[in-house]
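Please find below a colleague's note on the structure shown here.

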Amino acid sequence: MATTNIEKRRLAALDRLGILDTPPEERFERLTRIARQYYDVKIALFTVLDNERQWFKSRQGMDTPETPRSVAFCDYAIQQDKVFLVSDAAVDPRFSSNPLVTGEPFIRFYAGMPVREPSGFKIGTLCIIDDKPRQFNEIDLNVLRSLASIIEDELERSYLAATDHDYVHVSHLSRAIHRAQNVFLTSDNDRAAFEQMLSDLLALTGSQFGFIGEVLRHEDQPPYLKIGAITNIAWSPETQAMYQEVERRGLIFDRLDNILGLPMLTGEVIISSDIASDPRRGSLPGGHPPISTYIGIPVFSGDKQIGLIGLANRLDGYSTRLAEELEPLLQTVGNLIERKRLYQEKHEHQKSLEQAANFDALTGLPNRRRLTALFEQELFEANQRRGLVSVCFIDLDGFKEINDKHGHSVGDAVLKSIAQNLLSCVRSHDIVARLGGDEFVAILRDVDDARVYARLLEAIRQPISYRHYIINISGSMGVTVYPDDDSDADLLLRHADQAMYAAKEAGRNTYTLFDLDSHFSRKERVRIIEQVGDAIRLGELELYYQPKVSFTRHCLEGFEALIRWNHPREGLVSPGYFLDHIEYTEHARSVGNFVLCEAVARLQEFSQNQLPYTLSVNLSPSHFLGPDFRNDLASVLGNCPRDIRSRLILEVLETTALDDTHRVMENLQACRDLGVDVSLDDFGTGYSSLDLFRRLQAQEIKIDQSFVMDMLENADNNMIVSAIISLSRSFGRRLVAEGIESAAVEAKLIELGCDLGQGFFYSRPMPLDKAMKWAGSFSWDCRAG
């Protein structure tokens, strides 16, 4: 029940209706029979909720004529304005122990539509009940709504035939109540809501003029009235000016020494049959239209006066009986105004808290935290409607140069302009967020259209004027579309991010779609994830070893340990078969720890056998960036001597270093503190800045094989390899070239000053025993093979 006061008025309306404990009537019996037959249910009822009981005016399939209200499903139904649906009461915590569920009639399914009496109070329901669970949606229950509406029509017809109302037609009053409720609940425009209520009040009472407003109070000050709506009749230029003031800001009545303000002091209905001679008339506001008769009716919420309605110039004057007949509407209006006030206060407080926690302070866009929640909701709703979600990851081209050239104030102005430009070219339900720096994300609903993606980039390209600068900038964008890319929110963002880097490679100022053809299907991913846990537990994972040769010392430097899976059905499979599938799952950490444990054990064996080999292992991005990495590494190393630790090299992808620079810096330092070297793997495929390269405390740089393999035939790749070697030597970093397949490439790398090499020219990855045998027979002069 909403409030004790409302329940008292509801029970009074039920009493006036005179329906309780009356015999069955065919007009209602017919409707419950239709409901029972149409939905093929065990029971159909027209229920009426009295103070302590639920009584059945019409019942089909139910023997008892009433139940205690305390166990009535219908008591829940009348608390809302739509069908109340319980698909399975046995698993619903509100009803699972209800005696009507555990005993006769063994209710499992319930659907009830509230039924209102003519003045608008919900007195009961039309409901259907079954002893088996059912899955209905609200659309399936349209017939139930229609039948409930017919019951309401029948109640109104009887009520009007038996009741005499001097002033206000009950059906008109009921419709006004419904409109008042709907306009407050569905509209954010307070003035439109007040104008609708005033229009209904004028029509109901036959008044020519009126106003409606909220009674407000400053602390320890007399009340005043803020007019929400006033009759727009231009009797004079002054009257029109007053109305325009309401349009602009809402008219304030703060004079209590006149008949308009009197109800705010007394809290009583004020009636005047002749304003001109009424001693209470006082000084009306400037521009107020002439009035002859008047009624001022205070509006309450509980015991608190929160509104005032003024009506004037009714041909037959006003009486207290008129105010009494309007009481249901006045109470509805009072409750709605109070609800609006409470909602606004709560909303404003909550909004200030959410703004700080969930929105970017510079642009006002959702931040990463807020985006996560919005994104999850978008994916949920897309599943409900079987729709699409396009994820657009945007990175500005050359933004750092703007900051460096013009300063951060100009850079901030650019980011704010970009945010507004992006918002202006998407729909209201689409999402634009700022992840940080110059990275933005747009989440678009039910769109997969090249023109829309191009429009986003065009919005970014709009010249930005700030002070005396005209800034031109572009963006690179990666796009992936759910559910074609059937991933979770985090992975969808990562896929769009990967596609954005592809757009950078394509020349910037363009967009690239995520390559779904090369992306694993969800079914395959689930299959791998289900199997890899057993693979770890059953010892099916194994490390293979590929030699790394020193160009300067002409000897075997060590090995790179590469994981393999001895699959029980598919045989020996490479890491490409399963590592991508387990990334960003708990298995990535488990596999990573397995590799670290094996590597440390192997280095200890090397040390015992006086073998000076180093051992490199690959770390997955999610494991390296995860919160447990440092503890995992420390635990694996245990009490290893310093000389063994120094031979362990952790290979981290260059692109991982770009994902979370702060976390990468912390973990690189942790590796150094633990005495372990770090190698930047696949170097040259990312977009590290020179400053980032300087700050990344990696001891080794591993040139990606895509540049090495054809460097003799591809001048660009030759130049890239030369540049990487030169840059790394300048910073004192150790160089490893992978992908060496010929003596000519080896010779070129030696000429350029590379330190180490690995590739099929020396050996493919081998099991441990073969690797040790190969190492024992290795010599520089017969190294190929």
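**Note on cysteines and sheet**

1. Cysteine 127 is buried, its relative accessible area being 1%. Please note that the model is a predicted one. The cysteine sulfur closest to that of cysteine 127 belongs to cysteine 74, at 4.0 Å. A disulfide requires the two sulfur atoms to lie within 2.5 Å, so this pair is too far apart for a bond.

2. Cysteine 392 is likewise classed as buried, with a relative accessibility of 0%. Its sulfur lies 9.8 Å from the closest cysteine sulfur, that of cysteine 425, and this distance is too far for a bond.

3. How many disulfides does the model contain by this rule? The count is zero.

4. Turning to the sheet, six strands make up an open arrangement with antiparallel pairing, in the order 9-8-7-12-11-10. Strand 9 (252-253) and strand 10 (270-272) are the edge strands, each of them pairing on one side only.

5. Within this sheet, strand 7 (residues 209-217) and strand 8 (residues 223-230) run antiparallel and are joined by seven bridges. Leucine 216 is found opposite tyrosine 224 of strand 8.

6. Which strands does helix 7 touch? Helix 7 (residues 190-205) packs on the sheet in contact with strand 7, strand 8 and strand 12 (304-312). The direction of helix 7 makes about 135° with that of strand 7.

7. Helix 11 (residues 327-358) also packs on the sheet, where it touches strand 7, strand 11 (294-301) and strand 12. Its direction makes about 50° with that of strand 11.

Methods: Residues numbered from 1 in each chain as written. Predicted model: local features only at pLDDT ≥ 70, side-chain atom pairs only at ≥ 80, totals over all residues. Heavy atoms only, no water. Pairing = 2+ DSSP bridges. Helix = DSSP H or I, 4+ residues; strand = E, 2+ residues; numbered from the N terminus. Contact = heavy atoms within 4.5 Å. Axes fitted to C-alpha atoms, helices over the stretch in contact; angles between N-to-C directions. Buried < 20%, exposed > 50% of the residue type's maximum accessible area, 1.4 Å probe, protein only.
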